[in-house]
Structures are given as C-alpha cells and as structure tokens.
Amino acid sequence: MDRRLFLAGATALLATPALAQSTSSLGDLAAAKGIRFGSATGVKTGGLTDPQVAQILRRDCRILVPRNELKMYTIHNTPEDAYDFAPGDAVLAFAEANHMPLRGHTLFWAKDEFLPKWLLTHDFGPKPKVAAEALLRDYIGQVTEHFGDRLTSWDVINEAIDEKTGDIRANVFTRILGRDALRICFEAAREHLPKMQLVYNDYMSWRPKDALHRQAALDLLRWFRDQKLPVDALGIQGHIGTDQSVVGQMTTDDTTPQYDAWTQFLTDAAALDYTLLVTEFDVNDRKVDGDIARRDAVVAEVARIYIDLTLGNTAVKDFLCWGLDDKYSWLQSTTPRTDKLPLRPTPYDDQFRQKPLYDAMAAAFRNAPART
C-alpha cells in the first residue's frame, strides 16, 4: 500500500471522538504504580484504521508496539535492496500524534517460518559467515537508522530458544553463524542506537512443560551478561491459556501452572540485573466450556492470578497486551475453538465493550506494588 495512504489512514483517526470515560483507564492505574501499560496494534492486522480501536488505544495505552509492521518479512520481503517502511511509519505517526512511545518488534525473529521466503534459499557464497554477518548488520543498520530514537525500545531478537531442547533454534543465520548470530544482532543494534533499550523477547510460561524453556532463557541471559552484550531487558510474551488452569475445572496434565516456579523464574531473571517487560499478553479461552459469562469469568480469574504474580516482581516495568479487543485478536484465526464461536481473549469484546478481564486487570494494577 502507498505510504501516503498508510499515513493518511492513521492521521485521520486523530479526529475521531473519544469514548465515554470510566473512572480510570488501565493506563492510569498502571502508571500510578510506575508501570507503563500498552498494546500491540497495526494498520493491516491490528485494526488501527478502525476508529473504535483508535479510541480505546488512546484511552488505555501509555505505550504501543506494532504487531507486524516492523518485522523483516514486512520491511524487506524481497532480495532486492528495497525496504518498505510505510506500515511502520503509519503506526509511528499514530503513536507520536497521541504522545505515546512506540516499541520496536522485532529486528530478528529467529524462526525460519517467519523470515522472508527469499532468505530460505539465499546463496551466501563461498564465505557464508562473512556474508551472513554482513546481511544481518546491514539490515539492522537500515531499520534502526530509519526509525532512530523515535522509538523507545526494540525487541532485537524474538524466540531464539528451541523450547523442546533448550538449545538455540536452528534458522538461516544460526545454521551458519551459530550463537554468534545473536551477538551480531545486539552489537549492530547498539552501534546505531547507543541509548535505546534493547530486549530479548520469548514465550516461556508458568506451565511445567515450559520448565526447560525457562531455564534456557536464564542460561541465555547469563551468556549475554558474560559476553558483555548490550542486552537491557527480557521480554516475556505472556500468551497464557485457560487450558492451563480454569475455575472449577483444574487440569490434571502438565499444563497446570507452577506458581512458585514462575515467581522464582522472575526473581532469577531480575537478579541478573535485567529489566523485565510483559510484551504480548492475552488469555486464550479456546478450551473453556459454557456460556459467555462463564468463559469470561475463567479468563478473568486466570489473568488476575498471572498478573498478580508477575507484577509482584517490581523489575517488571511494562505490561502490554497483544491487542485490546476480541474483534482483531490474532488468536481468532490461529487457534479457533472447536465450536467455532469467537474467542474472548482480550479486555474488550468485539463490540469494544469492557469485559470481566478488563476489571481483573484493573484490580491487579491497583494491587501491584509501586515501582521506585
């Protein structure tokens, strides 16, 4: 899409009337405890061109992150020396017009299936290590120079750990460079962004089956520290599901949360002197039976427990949802319910009405200890 159309669509939203205000927004409640609350959004997939989405973002958010607009498959989707910054520019224009900082997500998504297809068959020539490093450094340089310090934080690397083995995930770059690919990414980002918060982002969770993933994340954080790499924060995605624990329907398999282990993981990560961020929160209700009232109650209860435990660690400074409304949630298409009913994973329903999840999040922010 033409860059002017992207920017025009985002700018037009600034004139839309505001929603009726309730007593306090999530952003205000979180800010009172020193936490920045925000959400992912996007021009194509996040509903940003929907005026009602723009209204709730303005009402509740104090920070934003683009959903897909800053990923490599959007910006550099062909092998030619061409970069499409228009989608990211549109989200940034909306954020700046509404005086909200914007996070960057992500410079390197470490899964082959989320890299541009041309990279999967790219010929790195007779010196593949030299060529692979040059390509990574050039791409990161192009992107970070374009956006500069207009952003507040970057997820430099996303999902580099293979959760089944705990090893670094095999992909186009790590098959050539090994773990050095991670080093190169953070060095390149710091070269162009000397004052930016640089983040490693991943989806380790509180389930017993993710114990290996949690330990591998801690090991990777230690490696970053030992290598003196410029990594400032750990991004915790926070995609949780009600199949992990539901009110009156506790599971008996290995998905039931380990509350003490989760708290210890956060403590251990913070002890390594990293800031912690919840970067992509939602609650998948695909396995909850019953009517909407029961499903919403289950989602709210699971969310309350997770947020209380997570925000109990004062190293957690940001808390972002991966979308605020059910209408545009990514989960609707990726993990549908067997009964084909729409999922209800976010604080607002598909008519942009607040749900019990909203109230649970508000209560958790009120109860969170203050950050210093």
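Between which two elements does the loop that holds Asp273 lie? Select Asp273 in this predicted model, and you will find that residue in the loop between α11 and β8. While it is selected, look at the backbone of Asp273, where phi is near 75°, a positive value in a residue other than glycine.

To see which side chains make the contact, select Tyr259, Trp262, Thr263 and Leu266 in α11, which meet Ile305, Tyr306, Leu309 and Thr310 in α12. By class, this contact of α11 with α12 has six nonpolar, two polar and no charged residues.

Stay with helix α12 and select Asp296, which lies in that helix, and then Arg344, which lies in the loop between α13 and α14 (356-367). Arg344 forms a salt bridge with Asp296, with the closest N and O atoms 2.7 Å apart. The pair links distant parts of the chain, since the two residues are 48 residues apart. Side chains of opposite charge can pair when their charged atoms come close. A search of the whole structure finds 25 salt bridges.

The next stop is the largest pocket, in which about 860 Å³ of space lies. Select Tyr203, Gln237, His239, Trp330 and Leu331, which lie nearest its centre among the 32 residues that line this pocket. The elements that give two or more residues to the lining of the largest pocket are β3 (103-109), β7 (239-241), β8 (275-284) and α13 (331-334). By class, the lining of the largest pocket has eight nonpolar, 12 polar and 12 charged residues.

For the last stop, go to strand β3 and select Thr106, whose place is in that strand.

How values were computed. Residues are numbered from 1 along each chain as its sequence is written. This is a predicted model: local features need pLDDT of at least 70, side-chain atom pairs count only at pLDDT 80 or more; totals for chains, interfaces and linings use all residues. Side-chain values use heavy atoms; hydrogens and water are left out. Contact means heavy atoms within 4.5 Å. Helices (H or I, at least four residues) and strands (E, at least two) are DSSP runs, numbered from the N terminus. Ala, Val, Leu, Ile, Met, Phe, Trp, Tyr, Cys and Pro count as nonpolar, Asp, Glu, Lys and Arg as charged, and the others, Gly among them, as polar. On a 1 Å grid over the protein atoms alone, a cavity is a set of points where a 1.4 Å probe fits but cannot get out, and a pocket is an open set with protein on both sides within 12 Å along at least five of seven lines; lining residues have an atom within 4 Å of a point. Grid points are joined across faces, edges and corners, and a volume is the space filled by probe spheres set on the points. A salt bridge is a side-chain nitrogen of Lys or Arg within 4 Å of a carboxyl oxygen of Asp or Glu.
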